[in-house]
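Hi,

Here is the structure I promised to pass on. My notes follow below it.

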Amino acid sequence: MSFKINNTVTWVGKMDWELRKFHGEEYSTHRGSSYNSYLIKDEKTVLIDTVWQAFTKEFIANLEKEIDLKKIDFIVANHSEIDHSGALPELMRLIPNTPIYCTKTCAKLLKAHYHQDWNFVEVKTGDTLEIGKNKLMFIEAKMLHWPDSMFTYLTGENILFSSDAFGQHFASELMYSDKVDSEGLLYEAMKYYTNILTPFNPLVKKKIEELLSLGLPINMICPGHGIIWRDNPSEIIKTYLEWSKNYKEDQVTIIYDTMWNSTRRMAETIAEGLKEIEANTTIKILSSSKYDKNDIVTEVFKSKAILIGSSTINKGILSSTAAILEMIKGLGFKEKKAAAFGSYGWSGESVRLITEELTKAGLEVVNEGIREEWIPGEAGLDRCRDFGRNFGEKIK
Ligand code: FEO
């Protein structure tokens, strides 16, 4: 499959409808994904990025239908990660001397991946490449999301090839933002931002401000994954700017795991108390063992505050809760309030351990948390309701 974006640019990537996990098992992709590669035909012919290694043969065969490979004058590698560079070794075997335009770090990382001394041409922000009627301008985008990342801008057509930034794991033959389900698209873009870019918020903010200051007219944003932003593409740039500023909505997310439902009852009762104080706040109660972990952290991204609960097991916390805490710590959320809760039988360490983890994660822990012994009765549930009310007051 390939399709013409306009008279100059053709999409020659791979739609991966089957993909359900990305980055090994780390990132769920409920809507599949695509590896977007773009062929620019001007007086010179340029290929921007390739696809994941697993689809190399398909990619090359498809590309050969579009162009005699020997007619490719330049390759641009916006990013060295294997989902975009995977087909390069085979392509370079077929057209070995073709120059690869990329950042200095990208050249280093491609060498570290493939151990080949290809014809790298290192570029920096502001460097341009004349390709005929139009030219390419390069914009380094360090840590969006790797040290080597880069955007490439095509003048004349005013297209920004943005690599992973503005991407989403979203497979659709419709390909354009004005054609697909907009709510689903925005959710996937947010999930992508949460799981891939949140740790680099300050750098994203700086880069978006720099991009806006360049004042480039942008008709389309062609990312490395998913849907092309066509109708009002500046909207997703502004949305990224908002997301980069420690984004939050009027939402509280309660995440828990439970063995015999005591901690679940605590979660639901805390929510009742919280609702009395924060009547208009969205409250979500998510089991860390039943819900997808990447969707959970996306809810955390949206939240102004979170509560995390677990029963005590073996002097520790339940494994699914521990995994979510590890993800929250890694993503480095800022300006979110938090507290812990949990049930226990005898030793009862879980609340203290969760509180410690929340503090280490950089969240603003508002109290010492609440723990209830065995199965909370009426008095215990009243304490949970009070705890919810108190938490509601603290996050106002
Ligand atoms: Fe889609 Fe960072 O690779």
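Aspartate 382 is partly exposed, at 40% relative accessibility (buried means under 20% relative accessible area, exposed over 50%, partly exposed in between, with a 1.4 Å probe and protein chains only). Aspartate 382 forms a salt bridge with arginine 385, with 2.8 Å between the closest N and O atoms; a salt bridge here is a side-chain nitrogen of Lys or Arg within 4 Å of a carboxyl oxygen of Asp or Glu. The two residues sit three apart in helix H12, about one turn of the helix (helices are DSSP runs of H or I with at least four residues, strands runs of E with at least two, numbered from the N terminus).

A quick word on the source: this is a predicted model, where local features need pLDDT of at least 70 and side-chain atom pairs count only at pLDDT 80 or more, while totals for chains, interfaces and linings use all residues. Residues are numbered from 1 along each chain as its sequence is written, and side-chain values use heavy atoms, leaving out hydrogens and water.

Arginine 385 is buried, at 19% relative accessibility, and also meets glutamate 272 in a salt bridge (3.0 Å, N to O). Glutamate 272 belongs to helix H8 (residues 262-277) and arginine 385 to helix H12 (residues 378-394), so this pair ties together parts 113 residues apart in sequence. Glutamate 272 itself is partly exposed, at 41%.

Over the protein chain, the salt bridge count comes to 25. The chain has twelve helices and 24 strands, and 60% of its 396 residues are buried.

Happy browsing!
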